[in-house]
Structures are given as C-alpha cells and as structure tokens.
Amino acid sequence: MNELKLIKKAMKGNKECLEELLVLHGDQLYRTAYLYVRNREDALDVVQETSYKSFLSINQLKNEKFFLTWLTKILINCSYDLLKKNKKELPLNKMVELTADKRDKREENLDLLEAINRLNEKHKNAIILFYFQDLPLSEGPPYSIQRRR
C-alpha cells in the first residue's frame, strides 16, 4: 500500500496503518532525535514518546501531505521536552568514537555539529530538516517548527 493511502487510513483512525508509517519512518526519526539529544537511549525514548503522541493526536493532522512534517514537529518538541527535563545541553563530546583511521572525518563531524549547535533554534531546525531529513524547506504548513514554551 502506498504511503499516502496509509496516512489517509491512519487519519481515519486505523492504528495499524499509523504503526506501519512509524516503522517506515523509524530510522529517520531516530537519526533526527539523536541529532537533538545526542545519545542512543534518549533518542530511543524520544522516538517512543513521539510514537505515543502521534497515536493520541493523529486526528489533528489536517493534510496528509504534511504527515512527515507533523510527525517531525512532534519529535522535535519531544526532544526539547527531554532536554529540558534532564537539563541537558547538546554535548558534542558524546559522539560515537570512530576508528583511528577516520580521525579527520571525526574532526569534520565535530566541527559540523558544533557549528549546527551554535545556530539559533529556527536555523538549527531548518538545517537538520533540510540536510539530515531531506525535507524541502517549502514542505509543511506556513508555520515554522518552533519549540513549545
């Protein structure tokens, strides 16, 4: 079944279709969560909380074309909630250790992550969504993904 049909069925209350969509986008959700929370366990917690909240609020999705944007907004808010709860900052020193022959690559990754973490939230979200999730900047409703207050 194509993704658009799954989304439409999920919006009508079909939980199995929503579950299938979450499995389909699970890796992408995990990678995005990891970019925010910077460790495996917290990223998995964020994906789980995102899944739970999406089951509770799928009926609030207005347009099936924006499913991934909607889901990503939930994920980003869950990431910020977890960071706030744990009073964490986005540490760069938690990067996965790479082998010695990849030292240059590791330094480049650290520089990139450091640069991304220095951006304000609006620009940081745009960079992560565009470069790490391959979402076009024009995708989604005419609002930006913002941190809940």
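# Rings, core and salt bridges in a predicted model

User: How many aromatic pairs does the structure hold?

Analyst: Residues are numbered from 1 along each chain as its sequence is written, and side-chain values use heavy atoms, with hydrogens and water left out. Rings of Phe, Tyr and Trp (its six-membered ring) pair if their centres lie within 6.5 Å; planes under 30 degrees apart are stacked, over 60 edge-to-face, and the rest tilted. The number of aromatic pairs in the structure is three.

User: What is the angle between the planes of Tyr30 and Tyr34?

Analyst: These two rings form an aromatic pair with 6.2 Å from centre to centre. Tyr30 and Tyr34 are four residues apart in helix 3, so about one helical turn separates them. (Helices, H or I with at least four residues, and strands, E with at least two, are DSSP runs numbered from the N terminus.) The pair is tilted, with an angle between the planes of 40 degrees.

User: Is Tyr34 buried or exposed?

Analyst: Buried means under 20% relative accessible area, exposed over 50%, and partly exposed in between (1.4 Å probe, protein chains only). Tyr30 has 25% relative accessibility, so it counts as partly exposed. Tyr34 has a relative accessible area of 16%, so this residue is buried.

User: Which residues have the most contacts inside the largest nonpolar core?

Analyst: A nonpolar core is a set of buried Ala, Val, Leu, Ile, Met, Phe, Trp, Tyr and Cys residues joined through side-chain atoms within 4.5 Å. The largest one here has 34 residues. Those with the most contacts inside it are Val37, Val46, Ile58, Phe67 and Trp70.

User: Which residues are linked in a network of salt bridges?

Analyst: A salt bridge is a side-chain nitrogen of Lys or Arg within 4 Å of a carboxyl oxygen of Asp or Glu, and the structure holds two. Glu49 bridges to Lys53, with the closest N and O atoms 3.9 Å apart; both lie in helix 4, four residues apart, about one turn of the helix. Asp81 also bridges to Lys53. The network links Glu49, Lys53 and Asp81.

User: How many residues apart are Asp81 and Lys53?

Analyst: The closest N and O atoms of this salt bridge are 3.7 Å apart. Asp81 is partly exposed at 33%, and Lys53 is partly exposed at 23%. Asp81 lies in helix 5 and Lys53 in helix 4, so the pair links distant parts of the chain. Their separation is 28 residues.

User: How many disulfides does a search of the whole structure find?

Analyst: A disulfide is a pair of cysteine sulfur atoms within 2.5 Å. Cys17 is buried at 6% relative accessibility, and Cys78 is buried at 4%. The number of disulfides found in the whole structure is zero.

User: Where is Arg38?

Analyst: Arg38 is not a glycine, yet its phi is positive, about 70 degrees. Most residues other than glycine have a negative phi. With a relative accessible area of 2%, Arg38 is buried. Its place is the loop between helix 3 and helix 4.

User: What is the mean pLDDT of the protein?

Analyst: Of the residues, 76% reach 70 or more. The mean pLDDT is 81.

User: How many contacts beyond near neighbours in sequence does the stretch 92-101 have?

Analyst: Over residues 92-101 the pLDDT is below 50. The number of contacts that this stretch makes in the model, beyond near neighbours in sequence, is 14.

Methods:
This is a predicted model: local features need pLDDT of at least 70, side-chain atom pairs count only at pLDDT 80 or more; totals for chains, interfaces and linings use all residues. pLDDT is the predictor's confidence in each residue, from 0 to 100. Contact means heavy atoms within 4.5 Å.
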